[in-house]
Amino acid sequence: METLLKINNLNLGFEIDDKFYPAIKDLSFELKKGTIHAIIGESGSGKTMSVMSIIKLLPKNAKITSGEILFEGKNLLNLKENEINKIRGKKIALIPQDPMTSLNPLYNIENQMIEAVIEHKKCSKKEAYDIAINKLKEVNVYEPEKKIKAYPFELSGGIKQRVIIATALALEPDIIIADEPTTALDVTVQAQILEILKEIKNKGKSIILISHDLGVVSSYADFISIMYSGRIVENAPCRVLFKNPKHPYTKALIEALPYNKEKKLKNIKGTPSPVNEIIEGCEFHKRCDYAEDICKSKIFHLCQQEDLSNVACRLYDC
Ligand code: SF4
């Protein structure tokens with residue numbers, strides 16, 4: 001399987017009151033062509049910052065200290081703002097959590113989609129309109145000729161999210177980053193949006209899907225990376241991860257899934273540490289049932305296992 005995007009040892013942190021707080025630690029993963037790679041983690045685990053660093057949409061006080069993000073033979077971290085602008089949207093598109101933050105309430109959908117298409121494709125207004133209608137059809141918007149005339153407030157959350165996905169698709173990106181695309185939607189609409197993402201993947205696109213809900217993405221992802229406190233603690237093909245989870249945090253997440261009827265529902269003890277608390281050793285040690293003294297001082301890095309999963313834990317160290 002061809003690798004489309006590769007992140008190597010990315011480290012990023014925040015400068016707050018002259019202090020530096022690490023937020024992304026030694027992040028490495030590959031996005032394969034025509035796959036959905038889900039990044040799962042609790043709120044504040046660093047999953048959104050990880051993908052925002054790909055398109056350089058980071059807060060002002062964020063600082064990347066090392067690593068590389070390889071795409072089309074270039075390290076994206078070395079690109080100037082005008083160079084990354086050519087990639088953002090056109091080659092790597094973002095679908096945000098809340099569609100209202102990306103749609104302008106003052107303009108109808110037609111104006112917003114056509115403007116985006118013309119800017120990126122330099123085509124005529126008529127061509128841009130035809131592309132917009134086709135993409136709205138592709139994401140199953142009923143009566144697209146009517147919906148395109150509507151203003152955002154006239155559409156449901158599910159349709160607005162489809163409009164965002166259609167706009168992203170109209171620019172024909174190679175990679176789509178979907179940042180919790182279903183969080184603001186109700187459960188039935190969530191499934192429809194995830195089905196659309198799966199159809200898009202089946203047509204050859206590659207998707208990075210950010211979610212806090214391992215259960216929701218389990219039917220859609222090809223690969224899963226589990227993040228905890230800024231670090232990927234396990235990544236694996238989806239089937240492998242569910243059949244044989246290894247990292248204690250991954251196991252705990254799976255045991256906490258409501259549909260896991262084989263075992264008693266289990267809570268993960270404790271709470272994640274705040275970003276401004278620097279933890280020595282394994283970041284999970286205060287919550288881990290298998291922690292030993294060495295876990296309080298040593299950082300374990302991802303180590304490849306026989307079944308192709310990678311695990312950062314003393315129990316699976318190389
Ligand atoms: Fe638990 Fe230690 Fe593994 Fe961390 S390194 S997950 S504390 S056993």
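How many bridges join strand S10 to strand S12, and in which direction do the two run? There are 2 of them, linking residues 231-237 of S10 to residues 310-311 of S12, and the strands run antiparallel. Strands here are DSSP runs (E, at least two residues), helices are runs of H or I with at least four residues, and both are numbered from the N terminus. Two strands pair if DSSP finds at least two bridges between them.

A word on the model: it is predicted, so local features need pLDDT of at least 70 and side-chain atom pairs count only at pLDDT 80 or more, while totals for chains, interfaces and linings use all residues. Residues are numbered from 1 along each chain as its sequence is written, and side-chain values use heavy atoms, with hydrogens and water left out.

Zooming out, the S10-S12 pairing belongs to an open, mixed sheet of 8 strands, ordered S6-S7-S8-S3-S9-S10-S12-S11. The edges go to S6 (92-95) and S11 (303-304); each has a single partner strand, so one side of each is left without a neighbour in the sheet. Helix H7 (residues 187-202) packs on this sheet, touching S3 (36-40), S6, S7 (175-179) and S8 (206-211), and its direction makes about 155° with that of S8. Helix H10 (residues 248-255) packs on the sheet too, touching S9 (223-228) and S10, at about 105° to the direction of S9. Contact means heavy atoms within 4.5 Å; axes are lines fitted to C-alpha atoms, for helices over the stretch in contact, with angles from 0 to 180 degrees between N-to-C directions.

On to the rings: the structure holds 4 aromatic pairs. Among them is Tyr 228 with Phe 284, edge-to-face at 5.0 Å centre to centre and 80° between the planes. This pair bridges distant parts of the chain, with Tyr 228 in S9 and Phe 284 in the loop between H10 and S11, 56 residues apart. Rings of Phe, Tyr and Trp (its six-membered ring) pair if their centres lie within 6.5 Å; planes under 30 degrees apart are stacked, over 60 edge-to-face, the rest tilted. Both partners are buried, Tyr 228 at 4% relative accessible area and Phe 284 at 3%. Buried means under 20%, exposed over 50% and partly exposed in between (1.4 Å probe, protein chains only). Together with Tyr 249, the two form one aromatic cluster.

His 285 sits in the loop between H10 and S11 and is buried as well, at 13%. Its side chain reaches the backbone oxygen of Cys 282 at 2.8 Å.

Methods
Polar contact = N/O pair within 3.5 Å; in protein donor to acceptor, adjacent residues only side chain to side chain.
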